[in-house]
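Visitor: Could we go through the side-chain contacts in this one? I'd like to start with the rings.

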Amino acid sequence: MNHKLISGTLLSLFLLGCSSTSKVTNTKPADVSKYMNTITADELKTHLYIVASDEMGGRDTGTEEQKKAGKYLIDQYKKEGISFPKEATDWYQKVPSEFMARGFAPKLNDSENIWAFIKGSEKPDEILVISAHYDHVGTKNGEVYNGADDDGSGTVALLEIAQAFKKAQKDGFGPKRSILFLHVTGEEHGLHGSRYYSENPLFPLANTVADINIDMIGRRDKLHPNTNNYIYVIGSDRLSTELHTINEEANSKYTNLELDYKYNDRNDPEKIYYRSDHYNFAKHGIPSIFFFNGVHDDYHMPTDTPDKIEYDALTKRTQLAFTLAWELANRPERIKVDRDGK
């Protein structure tokens, strides 16, 4: 018998074995709670004390301090074995200064959205976006505006949600749909980063099933002085009945937060629905949901610091966003658009 043929056969069998283990799949039902519980207060706190530190200088759009914060985020994704989308050339979607120009507003430097990606196992061309802005308002008169809640809280929530999905994938429970973790820039100056993505999407907007947007989820407001076990839910029913129902079911099953729809009122005088990054997806007909804890005395003040974050609340709210994302990424059919967005 030809020894070369034997060697070739053995090599083929070895490579086949390697390839079969590189894509782990599991036929058992996933224990969603197991992965939800990898999102912990300690890890959120560790990340936030860095992202919202004085060293990051308030993360104003296009500054070196914001770029430093962005590099920290990228390093965390690398540690988890999560990469940028292969459709991109690197971690950054560059947002040019000219795109962010507004009337008489100060000129901003060029900046970047940052993206990380977990490819879907069965419907990879269908994309779930989970977004949060990582910019804040910088340093004024020598005082750092740390932006721990706005939106350091959402920024670190994305890191923990991505970690949870990656751990599930390693156990053979990778999401069926692809997930784009999108850290957008320029929110404080006019929702620029999310607007840039929506006008220059990496993946066709027609393939984007939903956006889960997380902006300020680490504190409580004056309307909830005696509890932090709540979250404002905004936009969930504007375009998709299913999105609204799925979120309520996920909350009932896993987190039991009070879902407060005050700012979802069409007559809301604050017009919160139009004031965060989800809106740039919703206006293109993409079902979108915005998680928000409400405004507090430290909003846009130098006193929005990591020591004032209520990490138990931040954890539960992040876990709700994760369980909602899990359902949207894994349900048999993508959610339907059955409302007009108004």
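**Side-chain contacts**

Guide: Ring pairs link Tyr35, Phe165, Phe173, Phe322 and Trp326 into a cluster. Rings of Phe, Tyr and Trp (its six-membered ring) pair if their centres lie within 6.5 Å; planes under 30 degrees apart count as stacked, over 60 as edge-to-face and the rest as tilted. This is a predicted model: local features need pLDDT of at least 70, side-chain atom pairs count only at pLDDT 80 or more, and totals for chains, interfaces and linings use all residues. Residues are numbered from 1 along each chain as its sequence is written, and side-chain values use heavy atoms, with hydrogens and water left out.

Visitor: How many aromatic pairs does the structure hold?

Guide: It holds 20 aromatic pairs. One of them is Phe165 with Trp326, stacked at 5.8 Å centre to centre with 15° between the planes. That pair links distant parts of the chain: Phe165 is in helix 5 (residues 148-170) and Trp326 in helix 9, 161 residues apart. Helices (H or I, at least four residues) and strands (E, at least two) are DSSP runs, numbered from the N terminus.

Visitor: Are Phe165 and Trp326 buried or exposed?

Guide: Both Phe165 and Trp326 are buried. Buried means under 20% relative accessible area, exposed over 50%, and partly exposed in between (1.4 Å probe, protein chains only).

Visitor: Switching to charges. How many salt bridges are there?

Guide: A search of the whole structure finds 14 salt bridges. The term means a side-chain nitrogen of Lys or Arg within 4 Å of a carboxyl oxygen of Asp or Glu. Among them is Asp297 with Lys222, at 3.0 Å from N to O. Asp297 sits in the loop between strand 10 (288-292) and helix 9 (311-330), Lys222 in the loop between strand 7 (208-214) and strand 8 (230-234), 75 residues apart.

Visitor: What is the relative accessible area of Asp297, and what of Lys222?

Guide: Asp297 is exposed at 58%, and Lys222 is exposed too, at 63%.

Visitor: Which residue does Glu327 meet in a salt bridge?

Guide: Arg331, at 2.8 Å from N to O. Glu327 is partly exposed, at 31%, while Arg331 is buried, at 17%.
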